[in-house]
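Subject: Structure handover

Hello,

Here is the structure you asked about. Please open it alongside this note, and my findings follow below.

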Amino acid sequence: MRWDGQKDGAAPQQALPGLPGLVRSVRTPEFSGVVFHEVHAKSVLNKVAGASPMPFKWTVNPYRGCTHGCTYCLDGSTPVLLGDGRVRALAELEVGDEVCGTRGGRYVRTTVLAHWRTVKPAYRVVLEDGRSLVSSGEHRFLSTEGWRHVASGSCDLPRLSVGDRLVGLGGAVTGPVEDAEYRGGYLWGVVRGGLTTEPEALERAERYAALDRDRIEWPVAPEDSWTKGFLAGVFDAAGRCDDGVLRIRTDHPIVDAVVLGLKRLDFDCTVEDGVTRLRGGASEALRFCHTVEPARSAHRSVDGAPLDATARVVAVEALGEDRPLFDITTGTGDFVADGVVSHNCFARNSHQYLDLDAGHDFDSQVVVKVNAAQVLTRQLRSTRWRREHVAMGTNTDPYQRAEGRYRLMPGIITALADSGTPFSILTKGTLLARDLPLLAEAAKSVSVGIGVSLALLDRDLQSSLEPGTPSPQSRLDLIRRVRDAGLPCGVFIAPVLPALTDSKEHLDALLGEIAAAGATGATALALHLRPGAREWFARWLLREHPDLLDGYRNLYGTGSNADKRYRTWLTARLRPLLRRHGFEPPHSRPATGSPPESDGDGEARWPEGALPADIPTQRGIDRDQLTLL
């Protein structure tokens, strides 16, 4: 049966702007309130960015959320601070780019994990220094009093007000023009500053010298362009920026020229023992780098610099129109937009992270890579493919409701098996049972791991916390069917909720049911409240269990993890229960009666059976990357 807007009640929808490879956007009666955006993907085999502790380097995600996933959005022209101190427009960022985020009150480098575009009602935030940022009403900026929404009408969290002081580094400034004056100043500075062995600086110096070999001289009346080039050259030869403090070490005659140049460009500095230090911390160091544009990337970032306040808000204005807006997901949960620390997109991921499916709130916009199996087959045929473990379900559930209609997984499973590629699937969707014969056949030629998430047995609590997801009994039945098919099945008990599902009686009963279903392994994870999930859970707790609010506040403070003492306590509670039900992993069984090693987080290891047989399960679980849990 076709699904093209002409049959079975499907209706075409307005296409999502800017979505690469979009074929069409449609609704269908059996998925009320859901828009499916069908795309032709160029690639479906994704490499995990950065140095990840996860036991896989490759993932396949045939589905992903789109519009709802982009809640905290900004205008695409907004300059975003990169890891090397340069800036790039938000719309031009790509997955894998290194940007500046924050952790522990300091700036750090982080990686772009996802990039989003949507259309939303736009607002303008105007700052006292003349900067203005266009965003959605839900977007959040960091103020000295905490995170503030711009003008969200759907959330009762604090909003920006006139007078609020934002946290950040100051806005980006226009860089220099590489004219003859700038090139001449750069050559003079890099030569008199002591030369350099840095490849980026050498390449620029050689390129400039080929054009302006006769211009290495100090002009009688240096122009601003020459001064900018001179300071860039001196910095490349003798400067560095550490923890947001910029220093240039030169011989005495050059020190005076450096100080004069800095004053000409309106910078303040001090000089001690031949070292010129820029005043004003990371904000001024960044303004210097943007103003003069040194060639070197290694010593111009603000890594390690402490957070500080920037300009005050003087106006928040509704623009009265919808605009295309963009956002990113980063490893730290934030980034620096036009010099202001901004919360990044976590709305859809936060629901998956808590094992939630909130109906329209979760599935209202679904991107479907309709050619996933064909593209994957082509990619796996490459002579460069090394048949490494491919993980599915680590970001979006491959057996979510849309799979019942599109049936993408059979083709993906076949492609992986035919290429000799081991794979694993993590799901909370009972639709996986449809493909058990195919998975059992695949397991004859490649190693297959199956993981199922199951947090609790209480049906009322499950309905409240996980509306729209398969019931606990349905998931237990899925585990039985997986095992009856001759396949392994590891179970993630996640999340364990303090004071709600962490009692000995509950955990013992749950593990007993999981063992009776035949699971090959089990592990438990305490509730993890990263940005996005934290706000959702706080509202749920206030509505359902207000008496527990103070306890959770004490347990989590301002962080994502429960207090270490709680996690250690949970580990101690779980260890004998896991052993009683036969789930103590072989690698942790003590040989001489000593307690098994633990990471202090409720035996947070991969359960036996959730990974292909040749992948070590003792690898820890990075819950910021395993968003389905």
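A term to start with: strands are DSSP runs of E with at least two residues, numbered from the N terminus. On that basis, histidine 37 sits in strand E3, which covers residues 35-39. Please note that this is a predicted model.

**Histidine 37**

Is histidine 37 buried or exposed? Buried means under 20% relative accessible area, and histidine 37 has 1%, so it counts as buried. Its side chain has a partner. A polar contact of 2.6 Å links histidine 37 to the side chain of serine 25.

**The protein overall**

The protein has 17 helices and 28 strands. It contains 629 residues, and 56% of them are buried. Take the contacts with a separation of 6 or more: 71% of these are between residues 24 or more positions apart.

**Nonpolar cores**

The largest nonpolar core holds 80 residues. Which residues touch the most other members? They are Phe423 and Phe537. Helix H10, residues 409-419, gives the most to this core, with 6 residues. As background, nonpolar side chains in soluble globular proteins tend to be buried together.

Phe423 deserves a look in the viewer. Neighbours within four places in sequence are left aside here. Its contacts then include His389, Val390 and Met392. Ile413 and Leu416 are also among the contacts of Phe423.

**Helices H1 and H3**

Helix H1 spans residues 180-192, and helix H3 spans residues 224-238. Their axes come within 6 Å. They cross at roughly 30°, and the crossing is right-handed. On the H1 side, the residues that meet H3 include Tyr182, Tyr186 and Trp188. Gly184, Gly185 and Gly189 of H1 are also among them. On the H3 side, the residues include Trp226, Phe230, Ala232 and Val234. What is the make-up of the residues in this contact? They divide into 9 nonpolar, 6 polar and 3 charged.

**Alanine 201**

Alanine 201 is in helix H2, residues 199-211. It is buried, with a relative accessible area of 0%. Not counting residues up to four places away in sequence, alanine 201 touches Tyr186, Thr196, Asp236, Ala295 and Arg296. Tyr186 belongs to the H1 side of the H1 and H3 contact, and Asp236 to the H3 side. Alanine 201 and aspartate 236 are 35 residues apart along the chain, yet their C-alpha atoms are separated by 6.2 Å.

**Backbone points to check**

- The peptide bond from alanine 494 to proline 495 is cis, with omega near 0°. Proline 495 lies in strand E27, residues 490-496.
- Aspartate 243 is not a glycine, but it has a positive phi of about 55°. It sits in the loop between strand E16 (239-242) and strand E17 (245-249). Aspartate 243 is partly exposed, at 48% relative accessibility.
- Arginine 407 also has a positive phi, near 50°, and is a residue other than glycine. It lies in the loop between helix H9 (403-406) and H10.

Best wishes

How values were computed
Residues numbered from 1 in each chain as written. Predicted model: local features only at pLDDT ≥ 70, side-chain atom pairs only at ≥ 80, totals over all residues. Heavy atoms only, no water. Core = buried A, V, L, I, M, F, W, Y, C linked by side-chain atoms within 4.5 Å. Buried < 20%, exposed > 50% of the residue type's maximum accessible area, 1.4 Å probe, protein only. Helix = DSSP H or I, 4+ residues; strand = E, 2+ residues; numbered from the N terminus. Contact = heavy atoms within 4.5 Å. Polar contact = N/O pair within 3.5 Å; in protein donor to acceptor, adjacent residues only side chain to side chain. Axes fitted to C-alpha atoms, helices over the stretch in contact; angles between N-to-C directions. Left-handed = near helix turned anticlockwise from the far one by under 90°. Nonpolar A, V, L, I, M, F, W, Y, C, P; charged D, E, K, R; others polar.
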